[in-house]
Amino acid sequence: MQQFIEIYGFLGVILRGSISGALSLAVGGVAFLLLVARPLEPHLGASAETIAARARAIVFWSAIALACLVTLDASALATMLVGALELSFADALTADAVKSDALAAAPALALALAIRGPALRPLPLVVCSAALVCARLGATHAVSRLDNPPGLVAAELAHLAGVALWIGGIPYFLTALAHAPDGEAQRAIGLRFSHLSMAAVTMIAVGGAAMSLVYIGAVENFYGVSYGVMVGAKTLLFAGLLSLGALNFLAVRRSSADPSAFTHLRRFAEVEIGVGWTVIFAAASLSSLPPAVDLARDRVSVAEIVERLTPRWPPRLESPDHAALSISLPPIQTARADDALPAETADAVAASVIAQRNAEDIAWSEYNHHIAGLFVAAMGLLALLEHWPRLSPVARHWPLLMLGLAGFLFLRADEAVWPLGRLGLVESLRDPEIAQHRIFLALIIGFGVFEWRVRTLRVKAQWAPLAFPFITGLGGALLLAHSHGLANIREELLTEITHTPLALVGLLASSARWLEIRLPGRGARIAGIVWPIAFTLAGLMLLAYREA
């Protein structure tokens, strides 16, 4: 049970993110069917039935997945409460968050049944969709707070609905474009979905601004606590989504004169899906943090942030000995009464030992980050040199550096774990942070081997090059939702500030590489330069990393 409690923090984020994603797909699909596909049936001709059938299938399976996910989340949360608070399982089921999940399962199943009916009946679909969004409100800060004004609940409701309409609707938009009979039908779909998206964006922006005023309140809360930093990351991702949406809007406007505009539109919409799902998982991570206004203490000042982000030159390229780390030193023994030291002397000795331990641990961590930075920067530079024909035969092998990076991190990322530490490899996985590190290592190894095979043409499948942006984007999303589980709130924030930019740069690299593969012509060439630069920038960030 203790092992489950320890890993629940990360598991809960994954479950909440998956629930939000499934809910957005289900509700977004209903909105697309009723507000886009159905009114455009005369323009779509025979393809209208195909588009509707595909959309209804996605809604059905999204609703089924949602019902399974909320049931699993309720069971996991109840189990955690039983173990952590020593409640009976019956009492744990009465918790508000557990009941919120249980309430969402019924409308999810009802929506699955309604969408499977012989006719598309708007009323039951709208009622089920509205019930799903309202049920999800129970898992938000707006409902769980004691001082929640009605306007805050309305803002959260608008925010949830806007995400579902826009992000949840994009897969259906791409499906409709793929099956539309001609350019005029595609243009009609694009214009109508653009109008729906603009309304959804307004709901997201107004709802998000209203919630920020309540949850953050002051400027110092925006940068001084983890909640504010995560909101800042979400805001940057939202700005990226707006930029992609604006490009799609312009593509629709010029589509009558440029038939190739729809190709660009579809590719940018594909990137929107990836960034949008990252935002959804970032929001799930945000829901596990206390609002900034509730943390009156342990805020970090601007001076502390600037000091932490100021690079130290040269980088730390010499590691302390593992035997000098705090995990390797024997615990401080209490002196016997007959040879006890004076209190002042004992305190000074203890403080000195703790400071020494902290210094060695910090040096170990900084060394790890700086060596990893050399690996990542080298990969970015070689990927950039791959564009030069004379250097390409050698530079294209850059993914193999990932294997060296993975081996280095396997040995050193978790110093308490085998083979350097005393903790067994399997036993260590109950620690959420170590488990996340192992997931990252698996992603690195998978990416390195597969991408090297793609670059050397050992794998020629058309979909194979897309593995790189997918894995890189997944790694960035996990890093953004990554929990460090530090007892010191201030130190946790300072660590968060250094990791969040890495996640954002990783998402930029992922998006640019996807566009390089999927876009034609000049757009692909520009994207092909952007992502190696982003990789190199990530390496430089790691080289500038510091913990003190």
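Which residues have the most contacts inside the largest nonpolar core?

1. They are Phe32, Leu111, Trp166, Ile189 and Tyr227, in a core of 140 residues. A nonpolar core here is a set of buried Ala, Val, Leu, Ile, Met, Phe, Trp, Tyr and Cys residues joined through side-chain atoms within 4.5 Å. A second, separate core has six residues, including Val229 and Leu493.

2. A note on the basis. This is a predicted model: local features need pLDDT of at least 70, side-chain atom pairs count only at pLDDT 80 or more, and totals for chains, interfaces and linings use all residues. Residues are numbered from 1 along each chain as its sequence is written, and side-chain values use heavy atoms, with hydrogens and water left out.

3. Phe32 is found in helix H1 (residues 2-37); helices are DSSP runs of H or I, at least four residues, numbered from the N terminus. Phe32 has a relative accessible area of 1%, so it is buried (under 20%, 1.4 Å probe, protein chains only). Not counting residues up to four places away in sequence, Phe32 touches Ala37, Gly169, Tyr172, Phe173, Ala176, Ile189 and Phe193. Contact means heavy atoms within 4.5 Å.

4. Trp166 is in contact with residues including Phe193, Ile204, Phe238 and Glu272, leaving aside neighbours within four places in sequence.

5. The axes of H3 (residues 47-85) and H9 (residues 170-179) come within 9 Å and cross at roughly 155°. Axes are lines fitted to C-alpha atoms, for helices over the stretch in contact, with angles from 0 to 180 degrees between N-to-C directions. H3 is therefore roughly antiparallel to H9 (over 145 degrees).

Note on methods: Helix = DSSP H or I, 4+ residues; strand = E, 2+ residues; numbered from the N terminus. Parallel < 35°, antiparallel > 145°, perpendicular 65-115°, else oblique. Buried < 20%, exposed > 50% of the residue type's maximum accessible area, 1.4 Å probe, protein only.
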